[in-house]
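Okay, thanks for coming, everyone. Today I'd like to talk about aromatic rings, so let me put the structure up.

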Amino acid sequence: MEVRKRVLVPHPAESMFDLIEAAEHYPAFVPGCRAALILERDETVVAARLTLRQAGLAIELETRNPKRRPTWMEVRLTRGPFRRFHGEWRLTPLNAAACRIDFTLAYELDGVVGRVAAPVFARIADTLVDAFVARAERVFGTTAHRLPPSAPPAADAAGDAASVTVVEPRAEAATVTIGDAMTDPNLVATLRASRLAAELSDAETAVLAGAMTQRRLQAGDVLVQEGRADDHFYLVVKGALGVVKGAGTAEPVTLNTLSAGDFAGELSWLDGAQRYASLVALGDTEVIGLDRTRLEDLLAAHPWLVYRVMRAIVRAVHQIQYRLSMQQSELQNYIYKQHGKY
């Protein structure tokens, strides 16, 4: 698996390098990172131990990374469940207040645990650069360092295939205040910690929370009925939801289980189609829902908020597509190469 990302940010290379190098702060903003410990640090190298956990799976890895502040850091694995693992951060100053970041990561997980953990790590790796961009906006703000219109360079031959993102200052940020949403602080905090708000400021998170509704379910409660249209997108906060075909019949089939942090119903929410399966609480469960029209109502006043929410949802859909592709490949290998034998 290979990840290649390129992003232009309105922050100095020195500031972004220090943010990337400070692994001890990763648990505060890197998706899935639950613990981080610095093992060694000097002017030329930084070593750290990271614990990644998502969807009930845990991966522990150690890296020892050569560095040249503020333009380069290599990511070298010293311990972890990988057959192959190598990454690199390159920061190119564009002027005193902006830089370009190129990130590459090539990896291959090892063994049975690796195959199970592959979708989890793929999700973390694919959203890593976005997490740093969002963190920079919260830490440094965007008004002090604006990216000049002439700054974005043409893609070079080596970077044509990279994913390129231009991060612009948020034009509406000055008009967004916590007062825009009279919302339960616990709901705001829950949303703040979710993937849905990964690119939002604290004020924007409060505004979005004001457009969402909170629901508590007991075991067996049906959140969404199969065959019906529902204009809500859901984020599982606590407990679990079963994606059940034939719920309430003699032979229901559970297709998937969604746990805390997972999105529910994002595909039907996007296209308005009838639900293929029911969403059923598998115990005491709590979700927060977002009505599509409520999000659309925010377009005029907070267009960047809506854009970043949609980016988060599209990333989740992309991850679903990736997992399905991996499963299809494994099934084809099982049928055609192993002839269906264990």
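First, the rule: rings of Phe, Tyr and Trp (its six-membered ring) pair if their centres lie within 6.5 Å, and planes under 30 degrees apart count as stacked, over 60 as edge-to-face and the rest as tilted. By that rule we get nine aromatic pairs. Take Tyr26 and Phe132: their ring centres are 5.5 Å apart and the planes sit at 80°, so this pair is edge-to-face. Tyr26 is in the loop between α1 (13-21) and β2 (33-41), and Phe132 is in helix α3 (residues 128-140), so the pair ties together parts that are 106 residues apart in sequence. Helices (H or I, at least four residues) and strands (E, at least two) are DSSP runs, numbered from the N terminus.

A quick caveat: this is a predicted model, where local features need pLDDT of at least 70, side-chain atom pairs count only at pLDDT 80 or more, and totals for chains, interfaces and linings use all residues. Residues are numbered from 1 along each chain as its sequence is written, and side-chain values use heavy atoms, with hydrogens and water left out.

So, buried or exposed, our Phe132? Buried, at 2% relative accessible area; the term means under 20%, with exposed over 50% and partly exposed in between (1.4 Å probe, protein chains only). Phe132 also pairs with Trp89: centres 5.2 Å apart, planes at 80°, so edge-to-face. Trp89 is in strand β6 (residues 82-95), so that pair with Phe132 in helix α3 ties together parts 43 residues apart in sequence. And which residues make up the aromatic cluster? Tyr26, Phe29, Trp89, Phe103 and Phe132 form one.
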